Amino acid sequence: MNVLFLSFLAGTAAVAFPIVFHLIRRTPKGRQEFSSLMFLQPTPPRLTRRSRLDDWLLLLLRTAVIVLLALAFTRPFWQTAVELSADDVRGRHVAILVDTSASMQRGKLWPKAIAEAEKVLEELEPADVVALWTFDRTPERIVGFPDEQAKDAAKLNHELVRGELAKLEPSWRTTRLGDALVTVAEQLTEIEDKDDEPSAPQIVLISDLQEGADWQTLQAFEWPEQVQVDVRSLTLPTPSNASLQLLTRTDSDEPNAPPKVRVHNSSDSTTEQFRVRWASADSLADGQTVKFYVPPGESRVLSVPRDQSTNADRLVLTGDHAEFDNTFFVVPPKQQHVRVAYLGDDASDDPQGLLYYFESALAETPQRRVEITKVDANDPLLISKNAADFVLVTAKITDAEQAALERYFNDGGTALVVLQDSEVVSSFGPLLSEVVTESETPTVTEDDYQLLGEIDFSHPLFRPFANPRYSDFTAIRFWQTVPIDLPTESSATVIARFDNYRPALWEQTVGEGRLFVLTSGWQPSHSQFALSTKFVPWLEALLSLSVEPTSLQTSPSDNQTLTLPENPNNETRFVETPGGEQLRVPKDATEIETATAPGIYQLVSESGRQTFAVNVPHTESQTAPFDLEQLEQLGVSIGVQTTREEEYARLSRLQNIELENRQKLWKWCIVAALVLIGLETGLAAWRTRRTHSPKTDQPE
């Protein structure tokens, strides 16, 4: 026999009460005097040293009732011959899911993650089978579940997982927690469906649970109820973290304004003061330090001036406790060489000529060096794509130069023609065949001028002035202009018009190239354009249209791939990492992954080198932990599956409860107790009547 509730057997101690009551002998304490007995000799009762049980049968009945009631409360049952075996209890399928994203580079999080995974392995029972998964941008299975559920196979699997754990390292990729949970849950469900015997699927998630993780996949996934997720959250004693980003220049920014930097402070940070400076690989003192005051959970944007004379290629933040995202890499400025072929009559030292102001405005800078070559009428070969990136024409041209320009445009060249008189138009022949000019250029006085009345600020030439603060051109007066009329159905696109609605600047396509025509000179005798603040940015925008960029300035997107330029010549290409390693790129590849590490990379080909920057994904810098209730709201079952020992105890108890409910021995104990109570009551009544009944045989 066995019982469900062994603790109720303590109630049998109540049998001591009737025994004690039977053994107690009470001596009368009160004294009452009777007059009729005052002359009699007192005879007190004789007392013995040992108490006797006079009504032992009543005592036995009463104690038996108490024992039966206590036994009924214990819910007794008879154990059957068929017992539950520990081998009949299912084991667990435990999938250890380790976060290897960039945020795990912080402090000592990674050693904590490995130690936590080792702890999980120690907690496993011999019958449990385990698999090892990692996740960052994509989940990856490192060790799968064994095919056989034998003890030896499970033990071997434990050791294999332990060995693979020592080889793992965190990456620099972003965190996609939702994809990882869905992938592992689907595999556990598939194993559950294939096995004849049910198992307990368990996911052990080891992560810092940073709020920048992406779990959107869980919104469209119905989580299986049988799969439980045991979350092992990793934290640091000093969680302060800030990140920085270099903002992209917009059309509303001032052309020569210093770069703007955004610093974001995590919501759980304990630090508010930070410093940002430009630096290079060799020195951290390449620029002035800018102080940022950023409260927790907020962002601040400030300008960080950059010394153009240095080769700074990164922004460095100091002041927080996590250094993994404190460097933002940018493509270092590379001087661009622009070759300009000049077709004109004026000299470079003539302050009344166009070339003088053109050279002055395009002085050499760390970003660009302009080389101007005057084209001799007898040497039109300088007008070609191999010799010139841009052509400037300020005078009428010869037939040979006209033919060279046509070839130049067919090769995709860009040129600007400045019309100082109507003779320049006629010398271009078919290149400007649509243009209609007046026979004579009108002469105007200083008080008779024209202004730019209509400007297309969406065009790249005027896009730097799109902001209302810089879009005012009314201070620029034009005295000498060439009156031009364009046909209504002209292929030319007018970019700017004078206030008399005549074209001031237009663009037209010639062959594969682009031709810009300005109907007024910029020298002081023609206009105030060269002396205005708009002239230099306008020329820089013009040259930018003629020269292809030499660098790929980029940061990784969410999928952390870099789009490669086309490879029309089928050249062999390599990617050179910051550590100097060269990775071969397939000739037909259109994109490559750039997640090995942040830094400056080089795309090397026969045509030259192209530079691009790789940075830590900005979502990884959002290191404050998120609330687990967010996962529960998405349907994820947070909990721990019972071990085999716990499951065996639970099933044994359920089996005992089933046996007890079927046998219901407690009812017979109650019935027996009621019967004994009836016998005890009858016996006690009979004893009482016998003791107090009158004697009929007394003498008279």
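Q: At what angle do helix H6 and helix H9 pack, and how far apart are their axes?
A: Two packed helices are described by the angle between their axes and the distance between the axes. In this predicted model, helix H6 (residues 354–361) and helix H9 (residues 535–544) pack at an angle of about 85 degrees, with axes 10 Å apart. That makes H6 roughly perpendicular to H9 (65 to 115 degrees). Axes are lines fitted to C-alpha atoms, for helices over the stretch in contact; angles run from 0 to 180 degrees between N-to-C directions. Helices are DSSP runs of H or I, at least four residues; strands are runs of E, at least two; both are numbered from the N terminus.

Q: Which residues make the contact?
A: Tyr-357, Phe-358 and Ala-361 of H6 meet Phe-535, Val-536 and Leu-539 of H9. Contact means heavy atoms within 4.5 Å.

Q: Which residues of strand S9 lie on the covered face, and which on the uncovered one?
A: In a regular strand the side chains alternate between the two faces of the sheet. In S9 (residues 260–265), Val-261, Val-263 and Asn-265 form the covered face. Lys-260, Arg-262 and His-264 form the uncovered one.

Q: How many bridges join S9 to strand S12?
A: Strands pair if DSSP finds at least two bridges between them. Five bridges join S9 to S12 (residues 299–303), running antiparallel. Lys-260 has Ser-303 in S12 as its bridge partner. Five bridges also join S8 (residues 242–246) to S9, again antiparallel.

Q: What should I know about numbering and confidence?
A: Residues are numbered from 1 along each chain as its sequence is written. Local features need pLDDT of at least 70, side-chain atom pairs count only at pLDDT 80 or more, totals for chains, interfaces and linings use all residues, and side-chain values use heavy atoms, leaving out hydrogens and water.

Key:
Angles under 35 degrees count as roughly parallel, over 145 as roughly antiparallel, 65 to 115 as roughly perpendicular and the rest as oblique. Buried means under 20% relative accessible area, exposed over 50%, partly exposed in between (1.4 Å probe, protein chains only).
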